[in-house]
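Here's a quick briefing to read with the model open beside you.

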Amino acid sequence: MAIVNAMETVVTQLFEEFRKNYELKCVCLTCQQDILAIALNRLPPRYTSSEKGHLYVKGEFTDRQLQSDVMRELMEASTFVEHHLHHRE
Ligand SMILES: [Zn+2]
């Protein structure tokens with residue numbers, strides 16, 4: 001039985017929205033994945049069987065409170081990565 005964390009899909013998709021309004025200091029894959037990992041660690045997981053996951057995620061997107069929570073965590077994670085984890089090339 002496959003179990004997925006539906007929050008991953010919600011956060012990944014909202015990250016695309018987030019980036020339209022917020023210019024990341026660095027857009028490399030490492031920094032983007034750091035941001036997603038930090039945000040996901042701070043948000044409650046929403047485990048679901050993969051079959052129902054799709055419907056579940058649709059429901060999550062209509063939850064405005066959840067959306068604003070995710071956007072807030074993405075903002076804080078982006079700021080954190082910019083100031084603390086940004087790698088040097
Ligand atoms: Zn980077």
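In the protein chain, residues 24 or more positions apart account for 86% of the contacts with a separation of 6 or more. Keep in mind that this is a predicted model. The chain has 4 helices and 2 strands, and they come in the order β-α-α-β-α-α along the sequence. Of its 89 residues, 33% count as buried.

**α2 against α4**

- Helix α2 covers residues 29-42 and helix α4 covers residues 64-85; their axes come within 8 Å and cross at roughly 130 degrees.
- That angle makes α2 oblique to α4, and the crossing is right-handed.
- On the α2 side, the contact is made by Cys31, Asp34, Ile35, Leu36, Ile38, Ala39 and Arg42.
- On the α4 side, the contact residues are Glu73, Leu74, Glu76, Ala77, Ser78, Phe80, Val81 and Leu85.
- Sorted by class, the contact of α2 with α4 has 10 nonpolar, 1 polar and 4 charged residues.

**α1 against α2**

- Helix α1, residues 6-21, packs on α2 at an angle of about 125 degrees, with the axes 10 Å apart.
- α1 and α2 are therefore oblique to each other, and their crossing is right-handed.
- From α1, the residues involved are Met7, Glu8, Val11, Thr12, Phe15 and Arg19.
- They meet Gln32, Ile35, Leu36, Ala39 and Leu40 in α2.
- This contact of α1 with α2 divides into 7 nonpolar, 2 polar and 2 charged residues.

**α1 against α4**

- The axes of α1 and α4 come within 10 Å and cross at roughly 70 degrees.
- That puts α1 roughly perpendicular to α4, again with a right-handed crossing.
- α1 brings Met7, Val10, Val11, Leu14, Phe15, Glu17 and Phe18 to the contact.
- α4 answers with Leu66, Gln67, Val70, Met71, Leu74, Met75 and Ser78.
- By class, the contact of α1 with α4 splits into 11 nonpolar, 2 polar and 1 charged.

- Val70 is in helix α4 and has a relative accessible area of 0%, so it counts as buried.
- Leaving out residues up to four places away in sequence, Val70 touches Met7, Val10, Val11, Leu14 and Leu43.
- Val70 and Phe18 are 52 residues apart along the chain, yet their C-alpha atoms are separated by 9.6 Å.
- Ser78 also has its place in helix α4, and with a relative accessible area of 1% Ser78 is buried.
- Ser78 is listed among the α4 residues that meet α2, and it is among those that meet α1 as well.
- Apart from residues up to four places away in sequence, Ser78 touches Phe18, Tyr22, Leu24 and Ile35.
- Gln32 is found in helix α2 and is buried, with a relative accessible area of 14%.
- Setting aside neighbours within four places in sequence, Gln32 is in contact with Phe15, Arg19, Leu24 and Val27.

**The zinc site**

- Which residues supply the protein donors of the zinc ion? They are Cys26, Cys28 and Cys31, each through its SG atom, at 2.2 to 2.3 Å from the ion.
- Along the chain, the donors follow the spacing C-x1-C-x2-C.
- Is Cys26 buried or exposed? Cys26 has a relative accessible area of 18%; buried means under 20%, so Cys26 counts as buried.
- Cys31 is a zinc donor, and Cys31 is also one of the α2 residues in the contact with α4.

Note on methods. Residues are numbered from 1 along each chain as its sequence is written. This is a predicted model: local features need pLDDT of at least 70, side-chain atom pairs count only at pLDDT 80 or more; totals for chains, interfaces and linings use all residues. Side-chain values use heavy atoms; hydrogens and water are left out. Donors are N, O and S atoms within 2.8 Å of the metal (3.2 Å for Na, K and Ca); water is not among the atoms, so sites may look incomplete. Buried means under 20% relative accessible area, exposed over 50%, partly exposed in between (1.4 Å probe, protein chains only). Axes are lines fitted to C-alpha atoms, for helices over the stretch in contact, and angles run from 0 to 180 degrees between N-to-C directions. Angles under 35 degrees count as roughly parallel, over 145 as roughly antiparallel, 65 to 115 as roughly perpendicular and the rest as oblique. A crossing is left-handed if the near helix is turned anticlockwise from the far one by less than a right angle, and right-handed if clockwise. Contact means heavy atoms within 4.5 Å. Ala, Val, Leu, Ile, Met, Phe, Trp, Tyr, Cys and Pro count as nonpolar, Asp, Glu, Lys and Arg as charged, and the others, Gly among them, as polar.
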